[in-house]
Amino acid sequence: MARFPENFLWGGAVAANQCEGAYLEDGKGLDCSDVTLCGPTRYIDYELEIDPNKFYPSHEAIDFYHTYKDDIKLFAEMGFKVFRTSINWSRLYPTGEETEPNPAGVRFYHDLFDELHKYGIEPLVTKSHYESPLALTKKYNAWMDRRLVEYFERFARTCFTEYGSKVKYWLTFNEINNIMKAPFLAAGIDTRNMGDNWEPQIYQAMHHIFVANAKTVQLAREIMPDNQIGIMLSLSNVYPGTCKPEDVFATMGVRRRSLLFSDVMLRGSYPGYFWKMLREAGVTLDMKPGDLELIRKYTNDYLGFSYYRTNAFSVGDPMVFSTGGGFGHDNPYLKVSSWGWAIDPLGLRYTCNELWDRYQKPLFIVENGLGMVDTIEEDGSIHDVERMEYLRDHLEAVADAIDDGCQVMGYTWWGPIDIVSAGTGEMKKRYGFIYVDRDNEGNGTGERRKKDSFEYYKKVIATNGEDLEI
Ligand code: BGP
């Protein structure tokens, strides 16, 4: 019996700021990623001005803005049914405040989606993926200000009006639960002048985002009622560090710092534990009449999420941040990748069951992948067995989750082509089935080269996941 449904959406995922480059081309404005450098703390060590003597990975990235036709041809060769990317807000609205969109920016994404459809590939579009207009940060500190709701709604109206007939699957905010760990990356919020205890102030920005999400769903229902608009969270999981009740209870609290966002956007209300967080922080949200009604009425259609790995958490652990989902301490029962991230395929099965039980809404694994350093052999080949093993094992887990009764819409491997790392800005941390000749300093020809995993994923898709043999 087939382990994956007939219409399973196989594909790959990227983000505009991590692949397009052309950071000021055709009228695009600066976005927050354009002022972040290479390095493990790029999401907190940023300046709001470009230093001409520094290298910014997003400025050229892998030049997808100009190479997308050739790259999409390679995705089609692998047999992609779907391709996830984002619309860079500052390409359409350079400062975020314009009353009309930038025509060249609108045109680019029409051309991109048309190219995908040429090969029968469905676009899966994230509206905001770590790339909000920098001007909104400088003027309003981004989502701390309620005006962002209006600007995001204007951006949504343009997206749905322009692309509603070409894009069936949408996501509002990428990994928006990361706002509580990396507010500048996730929501363009500069916390450096907000003191050490900035988190309680972020709760107001979260309210603005929940309202903006609901308004976006409302617009989607009005403009493109047959399309699906999901949410997207970073949901790599966390296990109790011991079976001590205190550790189990503390770990539930850590997990709730992520599931709060899906609870609100999929169930339509602030859960009791969020009201308690507000009480304990002494925060009274500044709400407009009708806000909670909007959030209740306009919930999202599906749950998109990223899963990379799992960690463990015990009382007293530090709450570490990582783009791959970081919490307490390493799990001694798990192997780690050559990059140092834990490998836990069963954790993906566990997470799918956890989320299906909690929401009973379709799940979409829109990010799963292995970042690692690739070796180019003498003959130019790249035998990325570690990547194929990670993919095989995690697809086995997805098949098991579907067998467990979880409804999974699709799977988009993160980084089907080497792109700029979100967490460190590096090219060295490669996810792709397609190698890109470019290093951390921007040197290289940009030439594309197939790795062994290219043919492997092509076979997986061709057999609808039946043949996972490496
Ligand atoms: C997620 C982001 C992606 C992607 C991924 C991998 O947080 O949604 O943008 O980058 O992490 O992380 P990294 O690129 O740091 O390896």
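## Second largest pocket

By class, 4 nonpolar, no polar and 4 charged residues line the second largest pocket. Nonpolar here covers Ala, Val, Leu, Ile, Met, Phe, Trp, Tyr, Cys and Pro; charged covers Asp, Glu, Lys and Arg; the others, Gly among them, are polar. The model is predicted: local features need pLDDT of at least 70, side-chain atom pairs count only at pLDDT 80 or more, and totals for chains, interfaces and linings use all residues. Residues are numbered from 1 along each chain as its sequence is written, and side-chain values use heavy atoms, without hydrogens and water.

The lining consists of Lys 335, Val 336, Ile 343, Pro 345, Glu 386, Glu 389, Tyr 390 and Asp 393. Helix H13 (residues 385-403) gives the most, with 4 residues. Helices are DSSP runs (H or I, at least four residues), numbered from the N terminus. The space in this pocket is about 190 Å³. A volume is the space filled by probe spheres set on grid points joined across faces, edges and corners. On a 1 Å grid over the protein atoms alone, a pocket is an open set of points with protein on both sides within 12 Å along at least five of seven lines; lining residues have an atom within 4 Å of a point.

## Largest pocket

The largest pocket holds about 450 Å³ of space. Its lining has 13 residues; Ala 250, Gly 253, Val 254, Arg 257 and Met 277 lie nearest the centre. Helix H9 (245-267) and helix H10 (272-281) each give two or more residues. H9 supplies the largest share, 7 residues. The lining divides into 8 nonpolar, 1 polar and 4 charged residues.

Conventions. 1 Å grid on protein atoms, 1.4 Å probe; cavity = no way out; pocket = protein on both sides within 12 Å on 5 of 7 lines; lining within 4 Å.
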